[in-house]
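Colleague: I am new to this one. Could you walk me through it?

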Amino acid sequence: MDEARIARRGLSPRLWLAGGWLLLALLAAIFAPLIAPQDPLAQDLMLERLPPFWLDGAEPGYWLGTDSLGRDLLSRLIFGGRIAFIVAFAAATSACLIGSALGLIAGYFGGWADRIISRVVDVWMAFPPVLFAILLVAVLGTSLSSVILAIAIIDWTRFCRVIRAEAMSQARMDYVESARIAGYGRTGIMLREVLPNVLPSVVALLSLEMGIAVIVEAILSFVNLSISTDDPTWGSIIAEGRLSIHQAWWVLVFPLITLILTVLSFSQFGEALKARFDPVLR
Amino acid sequence: MSACLDIRGLSAVLPNGQRVLRSVSLTVQPGEVRALVGESGAGKTMIGKAVLGVLPKSVRVVEGDMLIEGEDLGQLDAKARRTLIGARTALIPQDPLTALNPSRRIGPQMTDRLVRILGWSGERADKRIRQLLDEVQIRDPERVLKSYPHELSGGMRQRVLIAAAFAAEPRLIVADEPTTALDVTVQKQILRLIAQLQRDHGTAILFVTHDLGVVAKISQKVSVLYAGKVVEEAETAQLFAAPQHAYTRALIAATPRYTDPYASLKPVDESVLAGLAAEIAAADQSWRPGHG
Ligand SMILES: Nc1ncnc2c1ncn2[C@@H]1O[C@H](COP(=O)(O)OP(=O)(O)OP(=O)(O)O)[C@@H](O)[C@H]1O
Ligand SMILES: [Mg+2]
């Protein structure tokens, strides 16, 4: 209750820290060409493996150092954020729309609609998700849209399961019955009475899913199955960093920190938003 | 003039064949309050849900008719039935917390039905709702209309629901134990409010309760339900003065009196219940849908 009250006053540190980091990362990604100190693709063998700014041998303008080809790490991280956020928003939103809609229908209408949807979800979830993603991308080809598609195709079940359960308990509530007595149609009740009550969960899941999408994209890049361009992605930087861990630890550590901060922020931001949206907690 | 509600020989069964309603017949005349009493599990709520067309999927009506103001619900298609029930009836539910949508403000929740279902203008609906809030003695309608349900007390929520029930001038209200979930101190006020609005609006009420004290206060007629069967029906005064059925007598004897709350309090006699159970079992033996 305390946390909820703090959240209402807009002072929740969780909300501000998570939201602040996400906003910063997002703005950096959007305005990457203006912000990035260097060209993320420019190689310069004279500048290879420069350490971050506080260590001996650092060069001004290369804040986080350079990789083994002499490319500026900070600039690569900033540009890598573009793909991370595009994937996060597109994949999570698609998964959310498909999964929430099916979950709402299954949970509220029940009957055969529920039986069919629940069966599909069960079958779907029997596949290990990362293997499933790698398989899909291998089939669909390595491009931005196939990565997004793969994540959406795999992860809609997350939304479906949770929203189904919530819609189901909402459907048993007396106010749904009252709405039926008053003469509302079933679809109208689902959208007007049930949907607003499951929305806080949808928002929390959506934010969490964005974090998951960032990780999945990184994993796919890591195994060289993401976007087949030279554009940096967090996953591909991590993959490169792993190879030079002994000579240049920063190439691995900074993208990992960026990734972890972003993923954590998405999940914390979602939880905080949920507490804010929920009228009973508010 | 046809009855406001006329239930004729209604029987309903569960999937396992168990009967929950046994040839129930009862009428509610226009402007009259009919109490429906019986112990927990007797089927009171089932009757209310049957009237309002919201029986659980597992419960199947196997015989009988229901008429609202002379219109046979069984003769109407599903859509026409919903329209008729929506326009002429309303529910005052038992639990005022779960009967309101927690994520919507009271105001829109109350006007929505008038505007969307009955096609009123927003302005007219708003005026009407304020008038009703005044009738249920809510003194700060501005605040209440802007509130979420959890921000109001139980008594306030029930007032809101009573106002909502009367707002569209239904001919029949089903009140299912409308005071049970409330504080004892609030129960009386709510009961008085329902009685007041019922008189002012001339609305017929099917009043479900297990409390004979409430029956005596609010109703003109009573039906006594036991195990889904109406064992006695009478004018309220008549029922208390000269109960005909052994179960009714036992029920009255089991009701505490304010004058002597302990001396008169004794549980319903075992032998009466045993007799009833045997009677009902015998009836079930020979019962076939449509011939009961
Ligand atoms: N959803 C349901 N599905 C199947 N059977 C049910 C359902 N709800 C209630 N019943 C059964 O139907 C019978 C009548 O229940 P009902 O709720 O009408 O009783 P009641 O008289 O309203 O009792 P109470 O005073 O406790 O509210 C009970 O035996 C109960 O177990
Ligand atoms: Mg009941």
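A few questions and answers follow.

Modeller: This is a predicted model, where local features need pLDDT of at least 70, side-chain atom pairs count only at pLDDT 80 or more, and totals for chains, interfaces and linings use all residues. Residues are numbered from 1 along each chain as its sequence is written, chains are lettered from A and ligands numbered from 1 in the order in which they are written, and side-chain values use heavy atoms, leaving out hydrogens and water.

Colleague: Where in chain A is confidence lowest?

Modeller: pLDDT is the predictor's confidence in each residue, from 0 to 100. The mean for chain A is 89, with 94% of its residues at 70 or more. Helix H4 (residues 73-109) of chain A has the highest confidence, at 96, and the lowest, a mean of 50, belongs to helix H1 (residues 2-8) of chain A.

Colleague: Is B:Ser103 buried or exposed?

Modeller: B:Ser103 sits in the loop between E6 and H3 of chain B. Buried means under 20% relative accessible area, exposed over 50%, partly exposed in between (1.4 Å probe, protein chains only). Because its relative accessibility is 15%, B:Ser103 counts as buried.

Colleague: Which side chain does the side chain of B:Ser103 join in a polar contact?

Modeller: A polar contact is a pair of N or O atoms within 3.5 Å; within protein, one must be able to donate a hydrogen and the other to accept it, and residues adjacent in sequence count only if both atoms are side-chain atoms. Here the contact is 3.0 Å, and the partner of B:Ser103 is A:Asn197.

How values were computed
Helix = DSSP H or I, 4+ residues; strand = E, 2+ residues; numbered from the N terminus.
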